[in-house]
Amino acid sequence: MPFLLLCSENLSLVMVQGVCGCNRFKSGSISDVFRTIVKKGGYRGVARGWVPRMLFHAPAAAICWSTYEKVKSFFQDVNGDSNTA
């Protein structure tokens, strides 16, 4: 299922290169890839796929940061550390 989502037209070209038979870029440089995306999809193509990518990463980042803060608070309590920096 993830491979079908990666080949969806709603995602950017950078995410689909070489997956599911999609076209590969001729060069690996950022400028060549950017030019290819602008040529094929316009400037909207550069931003395409931003929302699904954020919806994918935002929950993981929230869990990571909340776990870090909770563990940090726990060890500060255990050590009796009054420094909250």
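What is the mean pLDDT of the chain, and what share of its residues reach 70 or more? The mean is 77, and 65% of residues reach 70 or more; pLDDT is the predictor's confidence in each residue, from 0 to 100. The model is predicted, so local features need pLDDT of at least 70 and side-chain atom pairs count only at pLDDT 80 or more, while totals for chains, interfaces and linings use all residues. Residues are numbered from 1 along each chain as its sequence is written, and side-chain values use heavy atoms, with hydrogens and water left out.

The chain has four helices and zero strands. Its elements run α-α-α-α from the N terminus. Helices (H or I, at least four residues) and strands (E, at least two) are DSSP runs, numbered from the N terminus.

The lowest mean, 37, falls in helix α1 (residues 2-6). The highest, 95, belongs to helix α4 (residues 50-79). Over residues 1-12, pLDDT stays under 50. For this stretch the model has 21 contacts beyond four places in sequence, a contact being heavy atoms within 4.5 Å. Where pLDDT is low, the predicted coordinates should not be read in detail.

The chain holds 85 residues, of which 13% count as buried. Buried means under 20% relative accessible area, exposed over 50%, and partly exposed in between (1.4 Å probe, protein chains only). The accessible surface comes to about 7,100 Å². Carbon and sulfur atoms account for 64% of that surface. Areas come from the Shrake-Rupley method with a 1.4 Å probe; for residues, only the protein chains shown count as cover. Among contacts between residues at least 6 apart in sequence, 30% join residues at least 24 apart.

W50, V51, M54 and L55 make a nonpolar surface patch of about 460 Å². Such patches join nonpolar side chains (Val, Leu, Ile, Met, Phe, Trp, Tyr) within 5 Å, from residues with over 30% relative accessible area and no salt bridge. A salt bridge is a side-chain nitrogen of Lys or Arg within 4 Å of a carboxyl oxygen of Asp or Glu. V51 lies in helix α4. Its relative accessible area is 48%, so V51 is partly exposed.

Two aromatic pairs occur in the structure. W65 and Y68 form an edge-to-face pair, 5.8 Å centre to centre, with 90° between the planes. Rings of Phe, Tyr and Trp (its six-membered ring) pair if their centres lie within 6.5 Å; planes under 30 degrees apart count as stacked, over 60 as edge-to-face and the rest as tilted. Both W65 and Y68 sit in helix α4, three residues apart, about one turn of the helix. W65 counts as exposed at 56% relative accessibility. Y68 is partly exposed at 45%. The rings of F74 and F75 have centres 5.2 Å apart and planes at 70°, so this pair is edge-to-face. F75 is partly exposed, at 45% relative accessibility.

Note on methods: Patches are made of residues with over 30% relative accessible area and no salt bridge: like charges are joined within 9 Å, nonpolar side chains (Val, Leu, Ile, Met, Phe, Trp, Tyr) within 5 Å.
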